[in-house]
Amino acid sequence: MLKVYGFSRVNKFARGNTRDLRVLWALEEMGLPYEIVGMDHPNHDLDTPAFRAKNPFGQLPVIDDDGVVVTESGAILLYLARKSGKLMPRDLAGESQVLRWSVAALSTIEVPVLTLWFVNVSGGKGTGPSKALQDWSELRLGQLDGWLAQREFVATEEFTVADILMTHVLGGGTDQSLLKPHANILAYKERCMGRPAWKRTFDAYCERVEAG
């Protein structure tokens with residue numbers, strides 16, 4: 001059975017925002033069977049030689065699908081979509097749009113907003129770099145908001161793994177005050193996070209994962 005290496009205990013500030021949630025949400029949407037291998041982050045489970053043999057960066061999530069080891073949340077979701085035939089169109093044109101917007105979520109959007117969060121929590125709030133990152137984040141979010149003006153989902157007319165990645169980026173390390181001016185993004189985020197599969201995933205995560 002497919003194994004998902006995810007958190008069993010994580011630092012309090014990260015609980016509820018970790019990237020293993022992206023994989024668990026996708027699996028719940030796809031209806032694929034899996035088992036969770038719980039990793040205790042404060043206890044340094046991610047630093048063991050056995051785990052570093054799977055991911056040299058010592059990060060979660062990781063999946064092991066009968067010996068096929070995949071790391072990086074975006075790569076995992078694209079692998080699972082190809083494996084299951086779900087949450088990604090079968091035609092090349094449709095698949096290209098899912099690939100396009102998956103990469104956009106993890107680079108064009110996540111890079112500025114997550115870097116802004118990191119700079120601010122590291123004592124850089126109010127500095128020149130923080131202001132530059134805020135401007136960059138607001139620019140990209142404004143552009144995304146325009147894209148979503150006439151769209152229910154980001155890549156195709158149907159919900160795809162690109163929506164899981166984009167929604168979690170918008171909800172995870174993003175300062176929520178950045179989203180307030182963007183009605184289309186807010187509606188999109190609410191639409192995606194209102195899906196029953198996300199609610200089941202998040203509830204199970206909160207019940208299982210302890211704060212360290």
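Is Asp47 buried, partly exposed or exposed? Select Asp47: its relative accessibility is 42%, so it counts as partly exposed (buried is under 20% relative accessible area, exposed over 50%, partly exposed in between, with a 1.4 Å probe and protein chains only).

A quick note before moving on. This is a predicted model, where local features need pLDDT of at least 70 and side-chain atom pairs count only at pLDDT 80 or more, while totals for chains, interfaces and linings use all residues. Residues are numbered from 1 along each chain as its sequence is written, and side-chain values use heavy atoms, with hydrogens and water left out.

**Salt bridges**

Arg52 and Asp47 form a salt bridge, with 2.9 Å between the closest N and O atoms (the term means a side-chain nitrogen of Lys or Arg within 4 Å of a carboxyl oxygen of Asp or Glu). Arg52 is partly exposed too, at 32% relative accessible area. A search of the whole structure turns up ten salt bridges.

Next, pick Lys83 and Asp65, another salt bridge, whose closest N and O atoms are 3.1 Å apart. This pair links distant parts of the chain: Lys83 sits in helix H3 and Asp65 in strand S3 (residues 62-65), 18 residues apart. Helices (H or I, at least four residues) and strands (E, at least two) are DSSP runs, numbered from the N terminus. Lys83 is partly exposed at 45%, whereas Asp65 is buried at 7%.

Then jump to Lys131 and Asp135, whose side chains meet in a salt bridge (2.9 Å, N to O). They are four residues apart in helix H5, so about one helical turn separates them. Asp135 is partly exposed, with a relative accessible area of 37%.

For a network of salt bridges, select Arg19, Arg22 and Glu110 together.

**Into H6**

Select Thr160, in the loop between H5 and H6. Thr160 is buried, at 2% relative accessible area. Leaving out residues up to four places away in sequence, Thr160 touches Leu87, Pro89, Val98 and Ala155 (contact means heavy atoms within 4.5 Å).

Last stop: helix H6, residues 161-171. Ten of its eleven residues are buried, so H6 is largely enclosed by the rest of the structure. Among the buried ones are Val161, Asp163, Met166 and His168. What do the buried residues of H6 pack against? Show helices H1 (20-30), H3 (73-84), H4 (92-124), H5 (128-147), H7 (183-193) and H8 (196-208) to see their partners.
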